[in-house]
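User: I'm new to this one and would like to know what the labels rest on. Could you show me the structure and then take my questions?

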Amino acid sequence: YNYSTVGVETGKSADHISGIQKTGDYSMRVVATEVDATLIYQLAMPIAPLHYYGDESKYDYDNNKFGFDKGDLSIVREKTTQPLGAGPYALKSFENGTVYMDANPTYYKGEPKTAHLNFLETQEADKVTGVEAGTLDISDPSYSTEVAGQIAQYNGGDDSMDGSVITTRLIDYRGYGYIGIAADNVKVGNDPASEESKDLRKAIGTVLAAYRDEGISSYYGNTASVINYPISNTSWAAPQPTDDGYKVAFSVDVNGNDIYTSGMSADERYAAALQAALGYFEAAGYTVTDGKLTAAPAGAKLEYELQIPADGSGDHPSFMMVSEAKKALETIGMNLIITDLSDSSGLWTGIDAHQVDMWCAAWGATVDPDMYQIYYADVADFNGDMGNGYNPMGGPDQGNSFGGAAQGGSNKMYCIADAELDNLIMTARESLDQNYRKTMYKACLDIVVDWAVEVPVYQRQNAIIFSTQRVNMNTVTPDITTFYKWYSEIEKIELN
């Protein structure tokens, strides 16, 4: 079926794109019409060899013929089940949950040292035990204090992550954990952008943020850290404690004064956060009597729901934090309903339908810190009332992920509608100066923080574990980072 041409109305057909230019047999250049710092990341595409996926007799670059009849994808379809690649390993078969691959003798970096590579479908619970038992050589368990203890036990105790059985490499996860607050649901009156609405969200966020250290330390130990801005610490744009204007998240009261002082005990910090929350609630229009909320202003409530995908058993990095915050808020008359979901798919369905007040999740970040997909709302082009009913979706649903160019794709979760934020996001894209862009993104983050739609929680680490007995660790790249994977030099890995 010629779906690319039948039933489609088009303008005048172009026989080539002037901005895509051949510069040699194995080189090309792409010329854009404007500066866009994110453009290069849109060009991450596979290279398909003409001799296999096209017709060499139909290639004539000077006459704008590129090996295909325009609109005819028949050659591509013929090869769908017979892919040709140039990687270190070639697919042999897939049987019973295992992908079998053989080394590519003509790999451009040299034939891999290990002749056969098998990828196994494995349950999370079996990843560490599989390496210990010998059914797996390399694995990537979700790291936690429990997993760390398991590895140390196999290595003979003493909290050893590297031992005679398992060798561990920890790398910062390119993303971060957070609590989201839907501005369109948690608001006062009909305007999620009002100061009263922001104060309501800041009240709840202040109490939640107070319990981050205890909760994350309990779940991850020293392999995760609490973050204070809604951006992964792996990004060059992430604010650092030494930067001017850096603030701990939700650490000031309604008058802008610091909530915490040095030397405070944990209990004193919790009490200070609760007192600050009362100030925000009062500023939002709540009636406060003898230190308790007794009535909510129009459009607001005395209870809100927070959904957390903790498998129905409380197994989530933020579960202790939200549970303790719930207890604290109860003492001042706010009921935070914690719903522990066994199936996280229901969470995203509810968020898409604007039926979820608050939720716990984690972002996966792209290499570039561009914030268009997450926070852009295109307020300048919106001609209606920015109060009740304003929905800055603007484009197709992109789920909980970075990347893409759908207008306001994920901002529909937060419902931020801020013209200044839109302008900063677009302006930052128009420069290639990293220092300038970092300054612009700090200003963007400050606006997001002021809207109080995200409580940044943690930056965790990923674990890659190797069988010390079977994998020659001297052949594994020593430079594993967030952006350079263990398999970036997989052709060098040897077994003992």
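Analyst: Let's begin with the second largest pocket: β7 (116-120), β8 (138-139), β9 (166-172) and β17 (454-467) each supply at least two residues of its lining. Keep in mind that this is a predicted model.

User: What makes a residue part of that lining, and which ones lie nearest the centre of the second largest pocket?

Analyst: A lining residue has an atom within 4 Å of a pocket point. For the second largest pocket, 35 residues pass, and F119, I138, S139, D140 and W486 lie nearest its centre. The biggest share, five residues, comes from β7. The pocket itself holds about 920 Å³ of space.

User: How do the residues of that lining divide by type?

Analyst: There are 19 nonpolar, ten polar and six charged residues.

User: And what is the volume of the largest pocket?

Analyst: About 2,000 Å³. Its lining has 38 residues, and those closest to the centre are M28, A48, Y59, F66 and F68. β1 (20-24), β2 (27-30), α1 (50-53) and β4 (65-66) each give at least two residues to that lining, with β1 giving the largest share, four residues. By type, the lining of the largest pocket splits into 20 nonpolar, nine polar and nine charged.

User: Is M28 buried or exposed, and how do you know?

Analyst: M28 has a relative accessibility of 55%. Exposed means over 50%, so M28 counts as exposed. M28 sits in strand β2.

User: What does M28 touch, leaving out residues up to four places away in sequence?

Analyst: I20, Q21, K22 and T23. These are called contacts because heavy atoms come within 4.5 Å.

User: How far is M28 from H116?

Analyst: In sequence they are 88 residues apart, and from C-alpha to C-alpha the gap is 35 Å.

User: What makes the phi of N96 stand out?

Analyst: Phi of N96 is positive, about 50°, although N96 is not a glycine. N96 is in the loop between β5 (89-95) and β6 (98-103). As for surface, the relative accessible area of N96 is 82%, and the cut-off is over 50%, so N96 is exposed.

User: What about F250: where does it lie, and is it buried or exposed?

Analyst: F250 lies in the loop between β11 (224-226) and α7 (266-283). Its phi is near 55°, again a positive value in a residue other than glycine. At 11% relative accessibility F250 falls under the 20% limit, so F250 counts as buried.

User: How do you know that β12 and β13 are a pair?

Analyst: Two strands pair if there are at least two bridges between them. Strand β12 (residues 287-289) and strand β13 (residues 292-295) have three, and they run antiparallel, so they pass. The hairpin has two residues between the strands, and D290 takes a positive phi near 50°.

User: How does the reach of α13 compare with what is expected?

Analyst: Helix α13 (residues 434-451) has 18 residues and reaches 26 Å from first C-alpha to last, close to the expected 26 Å. The expected figure is 1.5 Å times one less than the number of residues.

User: Which residues of α13 are buried, and what do they pack against?

Analyst: In α13, R437, M440, Y441, K442, C444, L445, I447, V448 and W451 are buried. The buried residues of α13 pack against α5 (195-210), α10 (372-375) and α12 (419-429). In general, an α-helix has 3.6 residues a turn, so residues three or four places apart point the same way.

User: What makes something a cavity instead of a pocket, and how many cavities of 30 Å³ or more are there?

Analyst: In a cavity, a 1.4 Å probe fits but cannot get out, whereas a pocket is open. The count comes to two cavities of 30 Å³ or more. The second largest cavity has about 40 Å³ of space. Its lining is A182, N185, I351, H354, Q355, V356, W359, K412 and M413, which divide into five nonpolar, three polar and one charged.

Note on methods: Residues numbered from 1 in each chain as written. Predicted model: local features only at pLDDT ≥ 70, side-chain atom pairs only at ≥ 80, totals over all residues. Heavy atoms only, no water. 1 Å grid on protein atoms, 1.4 Å probe; cavity = no way out; pocket = protein on both sides within 12 Å on 5 of 7 lines; lining within 4 Å. Points joined across faces, edges and corners; volume = space filled by probe spheres on them. Nonpolar A, V, L, I, M, F, W, Y, C, P; charged D, E, K, R; others polar. Buried < 20%, exposed > 50% of the residue type's maximum accessible area, 1.4 Å probe, protein only.
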